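Please open the model in a viewer and keep the sequence panel at hand. The stops below proceed by selection.

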Amino acid sequence: MAEPLYHQTAGVLRARIAEGVWKEGDRLPPEWQLCEEFGVSTITMRRAVATLVAEGLVARLQGKGTFVTSDHAIVQGPPQLTSFTEDLRQRGWEPSARVLSVDTQRAENWVSTKLGLPTTAPVTRLRRLRMADGLPVALQTAYLSALQFPGLERFDFSHESLYEVLSRRYGVKPGTATDIYRAGKVDEEEARILEVAADSAAFRVERLTTDSTGKRIELVESVIRGDRYTVVLRLSATRQASAAAATTRG
């Protein structure tokens, strides 16, 4: 079976970096220029570059371009708060989701504590498989107050962004979020859903989101495939650091 064209293209790009044609810190030529040189489509080139991003060889900095990094990039979150859907779109991938379950239940103590809700307050639990170009990336479980956001189960979150629904329907815009990344492994159920072997490496991420007033509105527990999710952190000597998140290898 022939190797996909974007794999072949990624191989040539990878070789140029290994040979020192592009060194650490160098900016890659514009996408259109690479497409003309390689004689490939925009989609093919974007997938090829995304493969290198996932390997930690390059990083996309929004509005600035794609730069060569060192191997084994450090993982960290993007500088701006975005939904998972927006994050994937910004990096040239087609996001999709499969809703596994959505229900309202009494909050467990750890959930109510983190969300600042009364003990056993009702919460809506939304469990989704997140994909990029049809490939599984993350298993996410979101918890939100059922009293503040009644009727969430009516929305089709296989096609709609949760953040967009919160803003449009409930008038609540996420303001800030704290993401905590931990190294871990998938269990048997997670492995089956994410289509990996049991005990495969994964990021276990907890996100707590607040609105513009500082009120906690969302708690998300994510299990993200370690072989398809990389986030590159770029640090500056100035007070402001710039970071680029990179997701998914297809």
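Where pLDDT is low, the predicted coordinates should not be read in detail. Across the chain, pLDDT averages 83, and 83% of the residues score at least 70.

This is a predicted model, in which local features need pLDDT of at least 70 and side-chain atom pairs count only at pLDDT 80 or more, while totals for chains, interfaces and linings use all residues. Residues are numbered from 1 along each chain as its sequence is written, and side-chain values use heavy atoms, with hydrogens and water left out.

Now select strand E1, residues 58-61; strands (E, at least two residues) and helices (H or I, at least four) are DSSP runs numbered from the N terminus. Val58 and Arg60 on one side, and Ala59 and Leu61 on the other, are all buried, that is, under 20% relative accessible area with a 1.4 Å probe, protein chains only. Val58 lies opposite Val68 in E2. In the hairpin, with 3 residues between the strands, Gly63 has a positive phi near 80°.

Finally, select Glu190 in helix H7, residues 188-194. Glu190 counts as buried because its relative accessibility is 8%. Beyond four places in sequence, Glu190 contacts Leu139, Lys185, Arg204 and Val223.

Notes: Buried < 20%, exposed > 50% of the residue type's maximum accessible area, 1.4 Å probe, protein only. Contact = heavy atoms within 4.5 Å. pLDDT = per-residue confidence, 0-100. Pairing = 2+ DSSP bridges.
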